[in-house]
Amino acid sequence: MKEVMSSAEQRMKKSIQSLEDEFNGLRTGRASASLFDKIKVDYYGTPTPLNQVANISVPESRLIVIQPWDKGTIGEIEKAIQKSELSLNPSNDGKVIRINIPPLTEERRKDLVKMAKNVAEQSRVAIRNIRRDGNEELKKQNKEGELSEDEEKRGTDNIQKLTDRYIETINSILDKKEKEILEV
């Protein structure tokens, strides 16, 4: 029973981590280096994460400065940012790329909140699927005689408590992201 619980908890933690990673890529009205986590730059023929070819800093709340370690990659970095889904317009002075983060329109904010809610719901579904897998494993162990019915019931209750805790975590992460998106 302990293996089932720890396996379920590990998988639930990964779901939460995945949700947080997904939310980091959602653009809010604030400048954030994590916006560029998924952007890959063609670095001498190899798609390379942007943060591995340049220093990304946020000197002001609406400005991002990207300083490539190799000045020859500045054009590729600029192209990668323009091709991304971020809708940002980089400007380059030959040494660094500056990106002003424009304030979001009300409509765009609402769209982002919808996207965030969808991502959170996918995470909740993943957590519930993990719960189902754990409960099925407990039933299987009961049928094979490895667990008594009382142990199975206790395990099922524990998995439900774990599920409730992780669903609550997802809800609080979503609330925080919603506030961040709607903040003017």
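In the hairpin formed by β5 and β6, 4 residues separate the strands, and G94 adopts a positive phi near 95 degrees. The model is predicted: local features require pLDDT of at least 70, side-chain atom pairs count only at pLDDT 80 or more, and totals for chains, interfaces and linings use all residues. Residues are numbered from 1 along each chain as its sequence is written, and side-chain values use heavy atoms, without hydrogens and water. Helices (H or I, at least four residues) and strands (E, at least two) are DSSP runs, numbered from the N terminus.

β5 and β6 pair in the antiparallel sense over 3 bridges; pairing requires that DSSP find at least two bridges between two strands. S91 stands opposite R98 of β6. β6 also runs antiparallel to β4, with 4 bridges joining them. Here I66 has I97 in β6 as its bridge partner. In a regular strand, side chains alternate between the two faces of the sheet. Buried means under 20% relative accessible area, exposed over 50%, and partly exposed in between (1.4 Å probe, protein chains only).

Helix α2 spans residues 74-83, and its residues I74, I77, E78, A80 and I81 are buried. Viewed down the axis of α2, the buried residues fall within an arc of 160 degrees, so they line one face of the helix. The arc is taken over directions from the helix axis to the C-beta atoms. The buried residues of α2 pack against β1 (40-43), β3 (54-60), β4 (63-68), β5 (90-92) and β6 (97-100).

The largest nonpolar core has 26 residues, of which L19 and F23 touch the most other members. A nonpolar core is a set of buried Ala, Val, Leu, Ile, Met, Phe, Trp, Tyr and Cys residues joined through side-chain atoms within 4.5 Å. α1 (2-24), α3 (106-143) and α4 (149-182) each supply at least two residues of this core. A second, separate core of 20 residues includes L50, I74, I99 and I101.

Leaving aside neighbours within four places in sequence, L19 is in contact (heavy atoms within 4.5 Å) with V119, A120, S123, I170 and I173. R124 lies in α3. At 13% relative accessibility, R124 counts as buried.
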